[in-house]
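This report looks at aromatic rings and their partners in a protein complex. Please keep the sequence and structure in view while reading.

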Amino acid sequence: MRRHRLTVVLSQAQGKHPGKRALEESVVAALIMEPGLDVSVIPFLYDLGPDHTGRMFLESVKGDMVVLSWLFPRAAFWILDRDGIRGKHGESLIKPAADDDDDTPETPEASKGIGSVNVPDRHIYCLDLRERNNHEPYVEEIRRIAAESKARAEAKTQAAAASKPQVVDLGMAFLKPTNGHANGQAAPAATELKFSQEELLKTPGRRWYPVIDYSRCTNCMECIDFCLFGVYGLDGESRLLVENQDNCKKGCPACSRVCPEQAIMFPDYKTPAIAGAPVGAVGSLKIDLTRLFGGDTKDAVSQAVAERDRELVADGRDAVGTTVGLAKRQSDKAETPKDDLDNLMDALDAEF
Amino acid sequence: MIEPLTFMMGKYAAVLPTDRRYCRNHMWMQPADGMQRFGFTSYAIRLMQDVYFLDWSVGDDTNVKLKQQIGHIETSKAMSDLFAPCDGMIVRFNPSLLEDPSAINVDGYGNGWLFEMQATGVGSMTVEEYMAFLDAGWEKTQNMLKGHM
C-alpha cells in the first residue's frame, strides 16, 4: 500500500500580530509531529501575486489540500479558485459557535450559481484560524480530514484496480514507493520541489480586488454594468471574470453591494458579509437590525453609488450618481405597477 | 381572543395575536391605562433571539418624535438602535426589563412589554396588514441577514 499524504498549508496573517503569530506557530509545530502530512507556511493568501513562490507552490499541489488562513473559508476557497487552484469543496467541521437551531437563512438552497470550471477530482478544505484560539481543535480536525482523504483515496484506488490490469498499478507502486499519491496523480511532495523557505515566506505587497463565488454568481452582469473602472470582463465562454484586478479601487466594495446574489467578496473588508462570512451571524459578530427597526441607514445600493462616486471623483472624473449601471434595477422598479401593499405603505408614509 | 395569525419565517412560525395593532418598526401596540403599550413582535424577537442588554437613551415622561432614537438593544444574534414608533410622550419604560430583559423572549406579548406612551398620529396596521407587510419585506430581510446592508 502506498503511503497517503495530505498537504496542509498555513497562510499567515498580514502584519505581525503577536497573538496570531503565536497561534500560527503552535499549529505548525503540532502539525509537523503528525504522520502523513506535508506542512508548509505561506504569506497571506489574498496578497499572493502570480509570481510569488507561495502561489507556485500551491499550484504544484495536486492532491487533497487543507488551507488554514485568517480568512472566511468561502473567501479562501474562491481566492484559490481565482488563482486556478481548484478542487471540490471539502467540508470542515470547524464552524462558527454552535448554531444548532433551525435558523431559516441557513437552509441550503439549490445552488443557482454558474459554478467553477475545470475542477479536478480532489478536495480543498479551508479552515478559518479565527474560529478557535488554540491549536488543538485544528490538529484534531486535520487528523479527521487526513483520515477522510485517505479513505477516499483508497476507495478510488480499489475502483481503479478493479477496472485496470493490476500489474500496472503495482509497477507504479514500485517506481515511487513513498512519494506517489494514492490518487494516482503522482504529485511531487511539497518538499521535493524545493521551494526555498525564504522565497516562500517573502512578504507580498497588499492587494485589493473582488473575489467571485461562482457557486453563487449567476452571470447576471450587474457588476460589469455598475463598475466604471473596468475591473470586470468576460472570459472566452462569456463567463464573468475579474479581468483587470489592479483597476480596482482600494477600500471600495461597491460592486459587492449591488450583486443580487452576494457572490462578490472583498476578503479584506471590515463587514463580515462582504468579506465572505457565512450567512447570518458569525461568531461574535452580530447583525445590525437598525434599519429594520426604523433607522435611516443607507440601503446597499445608495451606499454603493456613494462609494463609486467617491472613487470617480478621486480619479478626476465626474460623479454619476444613480444614472449609470443601475438600469436593470431602475427599470424594474418603474415597470412594476403599484399593488395594494405599495398603496398601503404610501398611505402609512403620508401618515408618518 | 380570535386565533392569532402566524407568519412563517422559513420553518419558524412567528405568532401574531389579533388583539392589538402593529407598527412598521416591528412593535405591537395595545391600549393600557389610557395609553398605548408597545412591545416587540415575535418576528422581531425571532430575528434578534436572546436579549442580553437593553438600554434607553431617554427617561420616563419624554416627548419623542417618530423615528427618534430612544435606545439600543443587544441580543445573541443582533444589535440595533431603537426608535420611537410614533410621535408622543413616553410615560414609562417597563422597569423590570432593565433588571432582566429576558422577559422579552419569554413573554414578548405580555410581561415583556417595552414602554407605555401617549401616542399621537400613530401609523399602525391591523394584524392582516402587518402580515402583508412582513410578507412583502421577507426576501429583503433575508438578504439583509446575509449582511449586505
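## Aromatic contacts in the predicted model

Phe7(B) is buried, with a relative accessible area of 4%, and Tyr43(B) counts as buried as well, at 1% relative accessibility. The model is a predicted one, in which chain B averages a pLDDT of 89, with 97% of its residues scoring at least 70, while the predictor gives the complex an ipTM of 0.81 and a pTM of 0.65.

Over all chains the count comes to 17 aromatic pairs. In one of them, Trp208(A) and Phe266(A) have ring centres 4.9 Å apart and planes at 20°, so the pair is stacked. This pair links distant parts of chain A, since Trp208(A) lies in the loop between helix 6 (197-200) and strand 6 (211-212), whereas Phe266(A), 58 residues apart from it, lies in the loop between strand 9 (264-265) and helix 9 (272-275). Trp208(A) is buried, with a relative accessible area of 9%, and Phe266(A) is buried at 0%.

Phe7(B) and Tyr43(B) form an edge-to-face pair, with 5.8 Å from centre to centre and 65° between the planes. This pair, too, links distant parts of its chain, with Phe7(B) in strand 1 (residues 5-9) and Tyr43(B) in helix 1 (residues 42-48), 36 residues apart. Elsewhere in chain B, one aromatic cluster is formed by Phe38(B), Trp56(B), Phe93(B) and Phe115(B).

| Arginine | Ring | Distance from the ring centre |
|---|---|---|
| Arg239(A) | Tyr214(A) | 5.1 Å |
| Arg37(B) | Trp113(B) | 4.1 Å |

Note on methods:
Residues are numbered from 1 along each chain as its sequence is written. Chains are lettered from A and ligands numbered from 1 in the order in which they are written. This is a predicted model: local features need pLDDT of at least 70, side-chain atom pairs count only at pLDDT 80 or more; totals for chains, interfaces and linings use all residues. Side-chain values use heavy atoms; hydrogens and water are left out. pLDDT is the predictor's confidence in each residue, from 0 to 100. Rings of Phe, Tyr and Trp (its six-membered ring) pair if their centres lie within 6.5 Å; planes under 30 degrees apart count as stacked, over 60 as edge-to-face and the rest as tilted. Helices (H or I, at least four residues) and strands (E, at least two) are DSSP runs, numbered from the N terminus. Buried means under 20% relative accessible area, exposed over 50%, partly exposed in between (1.4 Å probe, protein chains only). A charge sits over a ring if NZ of Lys or CZ of Arg is within 6 Å of the ring centre and within 35 degrees of the ring normal.
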